[in-house]
Amino acid sequence: QTEFKKGQRGNDFLHWGQGIIKITSSEIIFKGKIAPGPDYKIYLTKKYVEHENEFLPIKNEALFISDLNTFQNFIIPINHNINFNDYNTILIWCEAFKEFITSAKYR
């Protein structure tokens with residue numbers, strides 16, 4: 001379990017998330033709110049990042065998990081073959097505008 005918090009370096013009034021994230025072997029559960037926007041993606045990264053200029057250089061190493069089409073309280077089923085121990089951060093990214101939305105370190 002981890003938490004998205006407002007106030008990250010890449011946050012502003014249009015790009016933020018706030019709430020609790022739980023990762024299980026079969027799903028990602030979020031209780032909270034994310035600033036609405038287009039073309040959101042969920043990624044896992046091996047390094048904690050909190051701004052687009054930190055994510056873009058490692059994006060090709062990040063693991064795409066799912067598209068995100070809702071902005072509060074969601075459950076996303078995940079592939080059972082994902083080894084979450086290979087990563088330490090969950091991140092929400094706006095692909096359309098190449099904008100960091102939020103991230104949280106889970107280990």
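Reply: Happy to! One thing to keep in mind first: this is a predicted model.

Me: Staying with E8, which residue in it is the bridge partner of Leu-91?

Reply: Strand E7 (residues 89–94) pairs with E8 in the antiparallel sense, over 6 bridges. E8 itself covers residues 99–105. Within E8, the bridge partner of Leu-91 is Ser-103.

Me: Is Ser-103 buried or exposed?

Reply: Leaving aside neighbours within four places in sequence, Ser-103 has contacts that include Phe-4, Tyr-48, Thr-89 and Ile-90. Its relative accessible area is 2%, and the cut-off for buried is under 20%. Ser-103 is therefore buried.

Me: What distance separates a polar atom of the Ser-103 side chain from the backbone oxygen of Val-49?

Reply: Val-49 is one of the residues in contact with Ser-103. The polar atom of the Ser-103 side chain and the backbone oxygen of Val-49 lie apart by 2.5 Å.

Me: Now for another pair of strands: how many bridges join E2 to E3?

Reply: E2 (residues 17–23) and E3 (residues 27–34) run antiparallel, and a hairpin through 3 residues joins them. The number of bridges joining E2 to E3 is 7.

Me: E3 has a further partner in E6. Which residue of E6 is the bridge partner of Glu-27?

Reply: E3 and E6 (residues 72–77) run antiparallel and are joined by 5 bridges. In E6, the residue bridged to Glu-27 is Pro-77.

Me: What is the C-alpha separation of Gly-10 and Ile-101?

Reply: Gly-10 sits in the loop between E1 (2–4) and E2, and is buried, with a relative accessible area of 7%. Not counting residues up to four places away in sequence, Gly-10 touches His-15, Glu-50, His-51 and Phe-100. Gly-10 and Ile-101 are 91 residues apart along the chain, yet their C-alpha atoms are separated by 7.1 Å.

Me: On to the rings. How many aromatic pairs are there, and what is the angle between the planes of Phe-55 and Trp-93?

Reply: The structure holds 7 aromatic pairs. Phe-55 and Trp-93 form a tilted one, 4.7 Å centre to centre. Phe-55 lies in helix H1 (residues 52–55) and Trp-93 in E7, so this pair ties together parts that are 38 residues apart in sequence. Both residues are buried, and the angle between the planes of Phe-55 and Trp-93 is 55°.

Me: What kind of pair do Phe-84 and Tyr-106 form?

Reply: Phe-84 lies in the loop between E6 and E7 and Tyr-106 in the segment after E8, so their pair ties together parts that are 22 residues apart in sequence. Both Phe-84 and Tyr-106 are buried. Their rings are 6.3 Å centre to centre, with 75° between the planes; over 60 degrees counts as edge-to-face. Phe-84 and Tyr-106 thus form a pair that is edge-to-face.

Me: Last one: which residue lies over the face of Trp-16?

Reply: Here the partner is a charged side chain over a ring. At 4.1 Å from the ring centre of Trp-16, the residue lying over the face is Lys-6.

Note on methods:
Residues are numbered from 1 along each chain as its sequence is written. This is a predicted model: local features need pLDDT of at least 70, side-chain atom pairs count only at pLDDT 80 or more; totals for chains, interfaces and linings use all residues. Side-chain values use heavy atoms; hydrogens and water are left out. Two strands pair if DSSP finds at least two bridges between them. Helices (H or I, at least four residues) and strands (E, at least two) are DSSP runs, numbered from the N terminus. Buried means under 20% relative accessible area, exposed over 50%, partly exposed in between (1.4 Å probe, protein chains only). A polar contact is a pair of N or O atoms within 3.5 Å; within protein, one must be able to donate a hydrogen and the other to accept it, and residues adjacent in sequence count only if both atoms are side-chain atoms. Contact means heavy atoms within 4.5 Å. Rings of Phe, Tyr and Trp (its six-membered ring) pair if their centres lie within 6.5 Å; planes under 30 degrees apart count as stacked, over 60 as edge-to-face and the rest as tilted. A charge sits over a ring if NZ of Lys or CZ of Arg is within 6 Å of the ring centre and within 35 degrees of the ring normal.
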